[in-house]
Amino acid sequence: DFQTPFYDLFSGDDFNTVDAGFIEPAIEFACIADVNVTLGDNCTAVITEDMVLTGLSGCIDDFIIDVDGTGTNVVSGCGEHTYMITLIEDGEEVYTCWGTIFAEDKTDPVVECPDDVSDVTVDFALQTLQGSLDGTEDIIELNDYSCFQSFFEPTDGEYLYDLIEFTVPQTDVYNIQVATNGFGSNFAVFQGAFNEDDPCQNILGGSDGAYFVDPFGVNAFLDQDYRIALPLEAGQTYTIMISDGLSDFGPGTDYIIGVVSDNGGTFSAPFSAPAPVEVTLPLFCDDLDLVEITEPMTYMVNADGSIMPGSISAELAAILDLTGYPDVSDNCGPVLVTVSDLVEPAGDCGDITITRLFAVSDRADGLCIGDPRTDECTQTITLTLPTIADLIIPPFTVTIECDEEFPTDGSVGGPADNPAASITGYPFLLTASGYVDLSDNYCNLGASYSDEPRI
């Protein structure tokens, strides 16, 4: 055994004698009165004893740091906070002190623009009715009646037919699609009831061809689609006739009818209630009013990018629902998002380009001092020109009862008492803004017509 000499070079007041001959220094330290910290992720900072203590000497078992009386050592949010630190020795609190923490945000917000777009997804309200011809229906010979002898004449022979009666609560233009799995199917719409002794009485129109345009998903059977736009009057009863030739009849002909109105009108039962259906359509030049932001508009998001309730206008939300929202993030929120457009037309024959600027700035609630930190990005929105291929052509043959009054076209297309195109049908487009009759110019498209001599 041996003993190492210990030389006391300080006064005895600076030491406490402990067991085993060791001498422990007295606890000496001070709290820093004012501490500055930079906030990190989630707008927080962890406070440690090294950040708030100075001159610490002696042995301490533990430290307890309490920020703003929350029971944690985490600072949350910009501005001034208070802290208290308690020193623990042998399980007992031996000393406390406190000070002030000033927290600052020095992290830039980040914005990522939505993808560039040239088409948008629009909700349409679709009503449907499904049925089938099972062989128990009444029979008609369509070719016996002139109103069914059109460009695509029905084949000779007998046809089974179903009748669907309905009313409309408001006057509107209703767009009808019919799809069947029968190859000789035909459909017509009548004002009032169907008269089996005079099937052409009160006929409004029908299908004389197959259109393979199916934007609403009505064509569940991947067969023929018929589409016709009809101005129907509120309170009137109408009848749809669906027929299919007996020569084509096998296990049964299934059909589905889809209805979309121009202005919110509906068909009564047995049609289903309107349900939203998403349709993706190109942006044409006349859709500019649908997607353009004419002056800078703003809204607020939280640090995680979620939109703060009540901060975005209905007008701006409707536009961004179509063209896309940016992804915004920041360590501290809220963040102000400013949206503005620069519109660049490319002449009469070019596309319209919208350059959309999303500029974001933090410190929007004023709690973090200093100039806002910013970021920005741009999105390109392209509005194209339609082509002839985008047009849907009206029925080849329209039946008009000679004893009924109908609009005439004056000297536009032929004799003054000829039916106007408004009753026989215009070529039309299905656009992101809705249905558009080509009764006037649309973007780069125009149409004129003339009537052949009466037969």
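These are my notebook entries on what I looked up in this structure, which is a predicted model.

**Entry 1: the chain as a whole**

I began with the secondary structure and found four helices and 28 strands in the protein chain.

**Entry 2: the nonpolar cores**

I then turned to the nonpolar residues, keeping in mind that in soluble globular proteins nonpolar side chains tend to be buried together. Which residues touch the most other members of the largest nonpolar core? I found that they are F124, L283 and L383, in a core of 24 residues. The elements that give two or more residues to this core are the strands β12 (119-133), β21 (275-282), β25 (352-361), β26 (374-383) and β27 (428-431), together with the helix α2 (288-291). I noted that β12 supplies the largest share, which is four residues. I also found a second, separate core of 23 residues, and among its members are V35, L53, C78 and C368.

I looked next at C147 and C200, which form a disulfide with their sulfur atoms 2.0 Å apart. With -85 degrees about the S-S bond, this link is left-handed. C147 lies in the loop between β13 (138-140) and β14 (159-167), and C200 in the loop between β16 (186-191) and β17 (203-206), so the pair ties together parts that are 53 residues apart in sequence. Both count as buried, C147 at 10% relative accessibility and C200 at 16%.

A disulfide also joins C285 to C443, with 1.9 Å from S to S. I placed C285 in the loop between β21 and α2 and C443 in the segment after β28 (434-437), 158 residues apart, and noted that this pair too links distant parts of the chain. C285 is buried, with a relative accessible area of 12%, whereas C443 counts as partly exposed because its relative accessibility is 24%.

When I numbered the bonded cysteines of the protein chain in sequence order, the pairing read 1-4, 2-9, 3-10, 5-11, 6-7, 8-12. I also looked up C349, which is exposed, with a relative accessible area of 74%.

**Entry 3: strands β22, β24 and β25**

For the strand pairing I followed β24 to its neighbours. Strand β22 (residues 297-301) runs antiparallel to strand β24 (residues 335-344), and five bridges join them; here the bridge partner of M300 is L336 in β24. I found that β24 also pairs with β25 in the antiparallel sense, over nine bridges, and in this pairing V343 stands opposite I354 in β25.

**Entry 4: R356**

I finished with R356, which has its place in strand β25. What are the side-chain polar contacts of R356 that I looked up? One of 2.8 Å joins the side chain of R356 to that of T323, and one of 2.7 Å joins it to the side chain of D341. At 0% relative accessibility, R356 counts as buried, because the cut-off for buried is under 20%. I also checked R356 against I293, a residue 63 positions away along the chain, and found their C-alpha atoms separated by 8.6 Å.

Conventions:
Residues are numbered from 1 along each chain as its sequence is written. This is a predicted model: local features need pLDDT of at least 70, side-chain atom pairs count only at pLDDT 80 or more; totals for chains, interfaces and linings use all residues. Side-chain values use heavy atoms; hydrogens and water are left out. A nonpolar core is a set of buried Ala, Val, Leu, Ile, Met, Phe, Trp, Tyr and Cys residues joined through side-chain atoms within 4.5 Å. Buried means under 20% relative accessible area, exposed over 50%, partly exposed in between (1.4 Å probe, protein chains only). A polar contact is a pair of N or O atoms within 3.5 Å; within protein, one must be able to donate a hydrogen and the other to accept it, and residues adjacent in sequence count only if both atoms are side-chain atoms. A disulfide is a pair of cysteine sulfur atoms within 2.5 Å. Two strands pair if DSSP finds at least two bridges between them.
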